[in-house]
Amino acid sequence: MKAAITATAKYLPDSILSNRDLEKMLDTTDEWIVTRTGISERRILRDPEKATSYMCGEIARQLLEKRKIDASEIELIIVATMTPDMLFPSTACLTQGIIGAVNAWAFDLNAACSGFVFALNTAARFIESGVHKKVMVIGADKMSSILDFTDRSTAILFGDGGGGVILEPADEDGFGLLDSRLYSDGKTGQEHLLMPAGGSLHPASHETIDKKMHYIHQDGRQVFKSAVISMADVAEEIMKRNNLQADDIAYLVPHQANQRIISATAERMGVDQSKVISNVSRFGNTTAGTIPICLAELDEQGKLHHGSNLILVSFGAGYTWGGIYLKWQ
Ligand code: UT7
């Protein structure tokens with residue numbers, strides 16, 4: 001038995017932060033940001049009372065509406081995020097409470113930008129094993145909550161938002177989530193992309209605040225190199241394992257960190273740019289949100305057809321990276 005996506009949804013806050021706005025806050029230019037990243041604007045969840053669970057709640061409600069089911073039918077909720085409302089309780093539990101999914105258990109999964117791919121793969125195992133019939137998987141991040149808006153090297157890259165899916169047993173053989181390859185490299189990755197404080201190593205203190213240790217820290221150049229190689233490698237591996245040629249692929253849905261990384265991955269796969277999903281110019285990098293937002297947009301536009309082959313690929317902090325091959329039901 002395979003797991004198939006039966007509903008998609010996304011949530012993006014209304015408030016736009018454009019490159020022009022950033023020009024007024026930082027020593028940067030629209031031209032630099034567009035050329036180096038492909039990003040023109042991103043969304044910001046400005047209401048200080050609202051956090052990641054708010055976005056997850058909005059996504060979860062839409063998923064239930066689209067699938068026309070009651071919250072009580074959901075058996076498991078996995079939220080992929082690295083910006084939970086708080087360390088505990090989990091944002092998945094908060095989401096479960098918001099929608100009243102009284103029969104669901106819920107947990108967060110933190111694999112940074114690969115969070116949704118890791119969570120989707122995890123959720124699929126519960127369907128394939130017959131343990132559950134309806135699982136909600138959400139990827140969402142309020143990146144503005146951990147951005148240093150005086151640091152031009154990171155503040156320009158990220159935005160707030162998320163998306164999600166419902167996973168259920170596929171109706172037909174050969175459809176749904178057919179293959180996946182997931183990887184981690186904590187040895188190389190840990191020093192290049194991290195938020196140093198707020199955990200058990202450096203609990204919050206005056207010192208951690210003074211040293212700006214509660215913000216995202218990234219060595220962009222190092223991460224860029226690893227992302228280009230790893231995303232292309234895993235995409236190629238998935239294609240080879242499943243005897244897929246570039247022409248067989250309906251859409252490549254890559255993590256949206258940088259247009260140059262997206263284009264390099266597509267080039268290595270030999271996939272035409274018209275089949276490569278990119279919305280990084282409008283939303284920036286929403287971390288665990290990027291891939292489910294892309295899926296929801298494809299779905300809204302009526303572009304996902306019975307039998308469409310999709311490859312999802314991601315790369316993020318950890319390092320974590322991976323790819324999923326799914327045939328749309
Ligand atoms: O999703 C998680 C994974 N994260 C990623 O995939 C991000 C990967 N990294 C990247 O996308 C790119 O490395 C960045 C977009 C972050 C940076 O692009 P880059 O081409 O690697 O630039 P760089 O870091 O090598 O910096 C080039 C120059 C530097 O100046 P000098 O040293 O050459 O004088 C930076 O100080 O650009 C400068 N710079 C900026 N200039 C204007 C850095 N940020 C900015 C800025 N505006 N916002």
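Buried means under 20% relative accessible area, exposed over 50% and partly exposed in between, with a 1.4 Å probe on protein chains only. The model is predicted: local features need pLDDT of at least 70, side-chain atom pairs count only at pLDDT 80 or more, and totals for chains, interfaces and linings use all residues. Residues are numbered from 1 along each chain as its sequence is written, and side-chain values use heavy atoms, leaving out hydrogens and water.

**Stop one: Thr208.** Select Thr208, in helix H8 (residues 206-210). Helices here are DSSP runs of H or I, at least four residues; strands are E runs of at least two; both are numbered from the N terminus. Thr208 is buried, at 4% relative accessible area. Show its contacts (heavy atoms within 4.5 Å). Beyond residues up to four places away in sequence, Thr208 touches Ala197, His202, Pro203, Met213 and His214.

**Stop two: Ser308.** Ser308 is 100 residues from Thr208 along the chain, and their C-alpha atoms are 48 Å apart.

**Stop three: Ile311.** Select Ile311. Leaving aside neighbours within four places in sequence, its contacts include Ile238, Leu252, Met269 and Ile324. Ile311 is also among the residues with the most contacts inside the largest nonpolar core, which has 42 residues. A nonpolar core is a set of buried Ala, Val, Leu, Ile, Met, Phe, Trp, Tyr and Cys residues joined through side-chain atoms within 4.5 Å.
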